[in-house]
Amino acid sequence: MKLERLTQALLVAGLLITTATTASAARQRGGADPSPAAADVEAVSNAPAITCPAGFYWVGATLCMTGALGPTSFANAMAYCQAIGGSVAGYGAWRYRILYGDGIAAPVGWWLGPITADDNALYVNSGDVGNFDGEGSRFDSRYYACSKG
């Protein structure tokens, strides 16, 4: 995984240098900036910016999520997600997935991180993608997903 990140970083750096050198040479000659490599830089920048850990998959360019987990209490969901390198997928992660990922909304009844107060936690209480959060007892048993990114 580290080798993949290094390779991607070197590729981006090489393309940026090529673009800058080409543009600079064109300006010195008094011509327009042809930037033939600009499309390549854009293509690399649109590639997933992260590598997802085992058990997670890409959703958009910067978010990793698991599939359905549970049902369990909110505390157990938090502990499990932390153990695999993530956190309980919250409102922001699901909203990102709706807007920039695959468009899938959080299933009604699932946990949303984090705990909100004394004995409460957020969960999905509506299919309305604009307002799908509600509070309930963190001791309930619900399904959830973990997210990272």
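Okay, let's start with Gly85: just after helix α3, this glycine takes a positive phi of about 95°. Helices here are DSSP runs of H or I, at least four residues, strands are runs of E, at least two, and both are numbered from the N terminus.

Quick housekeeping. This is a predicted model, where local features need pLDDT of at least 70, side-chain atom pairs count only at pLDDT 80 or more, and totals for chains, interfaces and linings use all residues. Residues are numbered from 1 along each chain as its sequence is written, and side-chain values use heavy atoms, with hydrogens and water left out.

pLDDT is the predictor's confidence in each residue, from 0 to 100. The chain's mean is 77, and 67% of its residues reach 70 or more.

Which of its residues are buried? Phe74, Ala77 and Cys81; buried means under 20% relative accessible area, exposed over 50%, partly exposed in between, with a 1.4 Å probe and protein chains only. Those three sit on the same side of α3 because they cover an arc of only 60° around the axis, taken from the directions from the helix axis to the C-beta atoms. On the other side, Gln82 and Ala83 are exposed.
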